[in-house]
Amino acid sequence: MSSPPRFILVGCGLMGKRHIRGLAEARRHGLCSARLVGVIDKVPERASEAAELAEKLLGERPAVFTSLEDAMKGAELEAADICTEPASHHLVAEPLLEAGVSCLVEKPLSITVRGCRRILDASVRGGAVLAVAENYRRDPVNRLAKAVIDGGELGRWIGALHIIAGGGDAVLLSAWRHKLAGGILIDLCCHYMDIYNYFFGAPEKVSGFAALLRKVRYAREAGGLAVRKTPVEAEAEDSLDATLHYRDEIVAKFIANLAVTGEGVWHRLVFLEGGSIEIPMERTGEPLKISKPLDQDYLELMPHTTFLGQKPGEPYKVSPTAAEEIYDRETRILFPGILNGYRMDFWEADRKLIALELADFFHCVEEGGVPETGGREGMLSVAMVIAALESSYAGKSVRLEDVLDLKIEGYQERVNREIGLISDK
Ligand SMILES: NC(=O)c1ccc[n+]([C@@H]2O[C@H](COP(=O)([O-])OP(=O)(O)OC[C@H]3O[C@@H](n4cnc5c(N)ncnc54)[C@H](O)[C@@H]3O)[C@@H](O)[C@H]2O)c1
């Protein structure tokens with residue numbers, strides 16, 4: 001491709017605007033030359049706000065549209081960046097991909113496996129690049145964790161535990177995340193399933209228990225001395241206890257309770273035969289810690305600590321030479337001098353991770369190649385969450401392959417109906 005790819009941004013809410021900031025970051029560092037030529041949102045003010053932001057950060061004002069059809073009329077487009085609510089991803093991506101327009105779709109690729117397959121099939125028919133915007137695995141901390149796991153210095157992987165508890169009775173970012181055609185579990189947990197998939201590959205079986213603990217949530221706003229509270233009726237489950245079964249009887253646990261109030265917890269550990277890796281939350285810049293106990297550490301245990309770990313984790317030491325092998329060129333450009341951890345606020349880290357996914361996508365659009373998180377990876381992370389929900393619905397564990405092959409859709413049936421993927425006609 002001789003000139004920079006021309007692309008549109010569909011969906012200019014919270015994440016759409018963050019993608020504009022990510023594009024500006026990628027451009028600033030010479031990692032992407034794509035031109036944003038149009039912004040689309042059903043809500044005209046949001047599209048206009050995005051156009052203004054783009055003009056300020058990118059130096060060119062994109063055209064503003066309120067429908068994809070209008071934007072596609074007569075436009076010469078190579079690509080689209082889709083940041084609408086997940087329930088609409090298949091509706092937006094299908095016509096674009098069929099028309100040969102490459103798409104970067106925000107995670108989750110869809111909210112059901114059937115929806116994911118529709119998008120994947122369209123990309124095959126249209127011969128277009130399909131990438132899923134999975135920013136978390138691009139955080140240097142996950143690159144480092146993967147290098148330590150694969151490097152073998154702690155031995156064989158034998159288990160993992162990720163627990164998240166918090167959220168209270170708040171509306172979590174937006175009301176759609178609590179609706180049937182949304183689902184906070186799919187929306188949030190697909191990120192962490194992608195990380196498990198990145199580290200360990202796909203599990204064979206999944207068992208899970210899901211529940212809707214808060215039937216009413218509240219959007220809060222400061223209003224003078226009082227706090228204004230608007231209730232939102234919740235339909236989608238907000239708590240999930242999932243067990244992912246791998247070969248050799250190895251298990252990865254994932255627990256998310258997004259309805260608890262007060263003190264919360266966020267903790268992720270990978271256990272290997274010779275020690276553990278503690279992987280902090282993405283975009284915090286906290287360092288990765290490892291614990292590699294020696295025989296002496298076992299001797300120092302007390303009766304009540306025998307069943308706890310033998311040694312607290314310590315920041316893993318990374319030399320500049322090792323860093324060159326662990327982090328790819330683009331990561332080293334955006335996180336200069338990166339060894340283990342970084343110092344920047346959430347927003348700066350956020351736009352750098354988005355810059356990395358945009359750079360990967362547009363590189364594939366321009367030069368050919370396969371994006372790191374393509375349709376298959378996007379579908380897998382969705383299917384891992386869905387498998388846990390299907391297991392909870394059926395009251396027994398399910399094989400991931402059966403979920404991917406649409407042999408198990410009991411839980412998803414209502415959702416598929418709601419988003420028009422199945423009908424009685
Ligand atoms: N990777 C991350 O860290 C991260 C963080 C937040 C959100 N997301 C993802 O980004 C996506 C968007 O989430 P959000 O929080 O920005 O939602 P949002 O509700 O803030 O924005 C979505 C926007 O899309 C618009 N829209 C919906 N359907 C449309 C259509 N057919 N045509 C044009 N515009 C349409 C809506 O009007 C809205 O402005 C979701 O897939 C979400 O999971 C990812």
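Entry 1, strand pairing. I looked up the pairing of strand E1 (residues 6-10) with E4 and found that the two run parallel and are joined by four bridges. This is a predicted model. Within this pairing, I noted that Phe7 stands opposite Ala79 of E4.

I then turned to the pairing of E4 with strand E5 (residues 102-106), which is also parallel and has four bridges. Here I recorded Cys103 of E5 as the bridge partner of Ala80.

Which way do the residues of strand E4 (residues 79-82) point? I found Ala79 and Asp81 on one side, with Ala80 and Ile82 pointing the other way. I noted that all of these residues are buried.

How many disulfides does the structure hold? I counted zero. I checked Cys32 and found it in no disulfide, its nearest cysteine sulfur being that of Cys364, 12 Å away. Cys32 is buried, and I recorded its relative accessible area as 9%.

A pair counts as a disulfide if the sulfur atoms lie within 2.5 Å. The closest cysteine sulfur to that of Cys190 belongs to Cys189 and is 7.9 Å away, so it is too far for a bond. I also noted that Cys190 is buried, with a relative accessible area of 0%.

Key:
Residues are numbered from 1 along each chain as its sequence is written. This is a predicted model: local features need pLDDT of at least 70, side-chain atom pairs count only at pLDDT 80 or more; totals for chains, interfaces and linings use all residues. Side-chain values use heavy atoms; hydrogens and water are left out. Buried means under 20% relative accessible area, exposed over 50%, partly exposed in between (1.4 Å probe, protein chains only). Two strands pair if DSSP finds at least two bridges between them.
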